[in-house]
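Please read them with the structure open.

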Amino acid sequence: MTEKNGRHPVEVVAEVKSMELDLNRNGAYKLLLEDGSTVHAAFTASQWGHIEGMHNHGRYSVKIVGQGDYADGRLKRIVSIDLPKTHRVIPPEDPEMPTLLHRLAEIRKKYPEDIWDNVPTDGAKNMHHYLYGRPKVNE
């Protein structure tokens with residue numbers, strides 16, 4: 001098996017770790033790949049804005065499709081991206097992580113049932129009344 005060298009198509013899932021601005025070259029970005037390795041990438045300012053919006057600072061990774069330079073079978077640098085094929089990667093749900101409904105049910109169990117009878121049912125409509133004492137909205 002021969003190792004990849006030169007420029008080849010690239011498709012990686014990465015998290016943006018750092019950004020080094022160079023006004024002469026738009027910018028250089030360091031990406032953390034799923035396997036734990038890092039790779040540098042060069043994006044234009046408009047491409048960076050698109051990727052930054054998808055990335056959302058650690059909450060999501062980004063699948064980057066484009067061209068990359070390889071040496072000794074390893075991706076060394078992403079040199080261009082195909083924006084229409086690049087997209088946000090939403091992490092799968094963790095079955096160990098309780099859902100919001102599960103958490104609310106746990107909170108409800110902590111208090112006697114008669115306490116919940118006194119919780120207002122118009123809280124959304126009259127939020128300002130309950131928080132700040134403004135007049136109730138009766139519509």
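1. A salt bridge here is a side-chain nitrogen of Lys or Arg within 4 Å of a carboxyl oxygen of Asp or Glu. The count by this rule is six. Helices (H or I, at least four residues) and strands (E, at least two) are DSSP runs, numbered from the N terminus.

2. This is a predicted model, in which local features need pLDDT of at least 70 and side-chain atom pairs count only at pLDDT 80 or more, while totals for chains, interfaces and linings use all residues. Residues are numbered from 1 along each chain as its sequence is written, and side-chain values use heavy atoms, with hydrogens and water left out.

3. pLDDT is the predictor's confidence in each residue, from 0 to 100. The protein chain averages 79, and 80% of the residues score at least 70. Confidence is lowest in helix H1 (residues 45-55), with a mean of 69, and highest in helix H4 (residues 127-132), at 90.

4. Arg7 and Asp69 form a salt bridge, with 2.8 Å between the closest N and O atoms. Arg7 lies in strand S1 (residues 6-20) and Asp69 in strand S4, so this pair ties together parts that are 62 residues apart in sequence. For exposure, buried means under 20% relative accessible area, exposed over 50%, and partly exposed in between (1.4 Å probe, protein chains only). Arg7 is exposed at 51%, whereas Asp69 is partly exposed at 24%.

5. Glu11 and Lys63 also meet through their side chains in a salt bridge (3.0 Å, N to O). This pair links distant parts of the chain, with Glu11 in strand S1 and Lys63 in strand S4, 52 residues apart. Glu11 is exposed, at 53%; Lys63 is partly exposed, at 23%.

6. A further salt bridge joins Lys85 to Asp82 (3.8 Å, N to O). Lys85 is exposed at 52% relative accessibility, and Asp82 is partly exposed at 27%.

7. Is Gly68 buried or exposed? Gly68, in strand S4 (residues 61-71), counts as buried because its relative accessibility is 0%. Its C-alpha atom is separated by 5.6 Å from that of His8, 60 residues apart along the chain. Contact means heavy atoms within 4.5 Å. Not counting residues up to four places away in sequence, Gly68 touches several residues, including Gly6, Val10, Leu75 and Ile78.

8. Two strands pair if DSSP finds at least two bridges between them. S4 and S5 run antiparallel and are joined by six bridges, with Tyr70 of S4 partnered by Leu75 in S5. Their hairpin has two residues between the strands, and Asp72 there takes a positive phi near 55 degrees. S4 is also joined to strand S6 (residues 87-89) by three bridges, again antiparallel; Ser61 stands opposite Val89 in S6.

9. Strand S3 (residues 38-42) runs parallel to strand S5 (residues 74-81), and two bridges join them. The bridge partner of His40 in S5 is Arg77.

10. Asn126 sits in the loop between helix H3 (113-116) and H4. Asn126 counts as buried because its relative accessibility is 1%. Leaving aside neighbours within four places in sequence, Asn126 is in contact with Lys136 and Val137.
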